[in-house]
Amino acid sequence: MEAVLSKTKEQKTVKRRIKKAAVIGSGVMGSRIACHFANIGLDVLLLDIVPKEAKDSKVKKERNKIVDDALKFALKSKPSPIYNKSFTSKIQTGNLDDDLAEIKDADWVIEVVVERLDIKKQVFENIEKHRKPGSLITSNTSGIPIKLMTEGRSDDFKKHFCGTHFFNPPRYLKLLEIIPTKDTDPEVVTFLMDYGKRFLGKTTVLAKDTPAFIANRIGVFAIQDLFHTIKSMGLTVDEIDKLTGPIIGRAKSATFRTCDVVGLDTLALVAKGVKDNCPKDERKELFELPDYLQKMIDKKWLGSKTKQGFYKKDKTAEGKKVIKVLDLNTLEYVDKKKVKFATLDMLKPIDDLKKRLAMAFMGMDKAGDFYKKTFSSLFQYVSNRIPEISDELYKIDDAMCAGFGYQMGPFETWDAIGVEKALKVMKDLGFAPNVWVEEMLSSGAKSFYKVEDGVRKYYDIPSKSYKMIPGSDQVLALANLRENNTLWKNAGTTLVDLGDGILNLEFHTKMNTIGAEVIQGINKALDIAEESYDGLVISNDGENFSAGANVGMILMMAIEQDWDELNFAIKSFQDTMMRVRYSSIPVVVAPHNLTLGGGCELTMHADAVVAHAETYIGLVEFGVGVIPGGGGTKEFALRFSDELHEGDMRINQFRNRFLTIGQAKVATSAYEAFDLGYLRKGIDTVVVSKAYQLSAAKHKALDLAFNGYTQKPMRKDIKVLGKEAMGIVYVGADSMLHGAYISEHDKLISEKLGSVLAGGNLSAITEVSERYLLDLERKAFLELCQTEKTLKRMESLVKTGKILRN
């Protein structure tokens, strides 16, 4: 955790290292920032005020009540702010009266107190009394001008001070805005931009000290625009949320659900800040709250925190839980209605987001008119914010993608639609963009971005030329390599040359599920890599690594009772996983987000895994009515064998392995995946930065090859417990059935799972081969597929959309 700080007269490089951080303020943001610092291995000091009632107390517990309660509340929240419960030991709590002097050991002190300038300035005055020279001091303010905070502070303080605006929740939202003052040392800015990206896993965006900075300025404008558009176009809350969600590459919570989560009072505060502090904003009237929104705030209908906002949980007369939606005309909650637009029907089959956005903009119904109006309004607004809030257009896109969950930022969206095509519509609707856009087109540049020689470039307005996005040459990105480096592709996969003898296979099926085309792609990639290259990485830049095997295909074969074909398909999957494990070249898998079922099995068969910290991995087949059939059950038996101990401990270990699959446990982070046995300590690694994951995976493959990778023989020394373990399985399953915790069918699945993990009904501990276990696994899988209960469970899950169809 270091960066170049300065050079001495002897030209020796001095490194800035962050070993300990102090967080001042333990509210919702402060406690969660502290957790994320602990996530990356820092020692953290979390401080807050002493409760009024404990001012005269000498009992530490009483004096630390505010900070301790805040941290406990954060750790109980869902989703969790911490990667692994054990990481909480890195956080020490204290209070500002007794423990502020402890910041003398901190390399970074971040202030996260209430949004009042007078209080912040008082905090900084006290910090300066104890901080060590050269330590970083930053503020997490979301709206107070950074330049006002350092009045009266020393030169060293000012030199090492800037704004660091995290978005809530800090673990999950990737944006970190860095806001320097005129006094901030450029080295501090460079360090934080790099540190935020590499170590904290953030998209760091350098912002100007303007009201609401970048993301909130644009994001709140877009929301305020919709607050007014919904009335002018006669749309409803649920219609807007359907139109502004995943269908256009936005978050599932879309617009109004997001508002409920954030809090209407919070949004109103930011909107007021822009309205009051940006008198020259040409769209400032949009930051006025519409009447219905003001009435909601007056009624304390603020969203999730008051249990009602644009949506409200309710119960029917029969006691069934339902979610009702607010009618903005009557301010009464009504039943949700199915949203139907011809444009949406047209967009659903289109997987490519760029094509979907272009098609949405050309829609001829009310939805199409909505997209034309709102996109045109947004495009005009972002064009006018340069150079006010940013000199470079890519920063606006980065901020919106990382802070508001856009898959494509405003300028990227404009490119997808076509700059010239959108320009005509914008002018017709009265949303003409800033003059620099037409100057760009006149210069011969037809898009805001382009890729040259594998490097992404943006249109630079002052020079009227394309420039490389800083740092993009240091990061491997599949999007920049596909055009020129693709070696082979089929309907579900693409094989790309990463350079230096390493290939990458990516999936691009729906939810990156693994079907016949992916199996073909893996085998083809191994064929090519084994013949002419040094290693293979399997990774992708989709929303999820893989949601698992194509269950719809399995269901179809089972319904048609085509058991020979299903047996062939499962064996093909197993054989492919074994080929990944026993290839003549190293195979590295780099999972992220959902990595379930077959995706987990693929990961477990890699020579090494480079997992993103936000990897939610698990063998979830039990919920479908089967056991892991692609080598996952076999692999758990193998790993159990490798950690086998004598006596009672081995039964406990077996039980833990059994329950992980039997309860379909999914790790909530890559670090938790080690505890569940999906990742291997000392072999697999975790990276916090998604941007650097592919580079890390490539380097891992290179290291394995350089160190003399040798093809391994299949294992024949796997110790299984046989009847000793089966007895535990039968007793446990029978007990759960009689306690009404599981059904008869769940009992059957449990016994099939236990039989494979135990190696069958063997009379003593026996050494068996991987092939033996794979055959047992496949037999159990096929037998379960032939049961009526499993077929009904699969069919139900497919019908409800919980697993994918073909």
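User: In which loop is I350 found?

Analyst: This is a predicted model, in which local features need pLDDT of at least 70, side-chain atom pairs count only at pLDDT 80 or more, and totals for chains, interfaces and linings use all residues. Residues are numbered from 1 along each chain as its sequence is written, and side-chain values use heavy atoms, with hydrogens and water left out. Helices (H or I, at least four residues) and strands (E, at least two) are DSSP runs numbered from the N terminus. On that numbering, I350 is in the loop between α12 (342–347) and α13 (353–361).

User: Is I350 buried or exposed?

Analyst: Buried means under 20% relative accessible area and exposed over 50%, with partly exposed in between (1.4 Å probe, protein chains only). Because its relative accessibility is 18%, I350 counts as buried.

User: Which residues does I350 touch, not counting those up to four places away in sequence?

Analyst: A contact here means heavy atoms within 4.5 Å. With residues up to four places away in sequence not counted, I350 touches K355, R356 and M359.

User: How many of the residues of strand β19 are buried?

Analyst: Strand β19 covers residues 502–507. I502, N504 and E506 point one way from the strand, while L503, L505 and F507 point the other way, and all are buried.

User: In which sense do β19 and strand β20 pair?

Analyst: Two strands pair if DSSP finds at least two bridges between them. On the β18 side (residues 493–499), β19 pairs in the antiparallel sense over six bridges, and L495 stands opposite L505. On the β20 side (residues 535–538), L505 stands opposite I538, and the four bridges between β19 and β20 are in the parallel sense.

User: Which residue in the hairpin of β18 and β19 takes a positive phi?

Analyst: The hairpin has two residues between its strands. The positive phi, near 60°, belongs to D500.

User: What is the closest cysteine to C259, going by the sulfur atoms?

Analyst: A disulfide is a pair of cysteine sulfur atoms within 2.5 Å, and by this rule the count comes to zero disulfides. C259 is itself buried, at 0% relative accessibility. Its sulfur is too far for a bond because 19 Å separates it from the closest cysteine sulfur, which is in C401.
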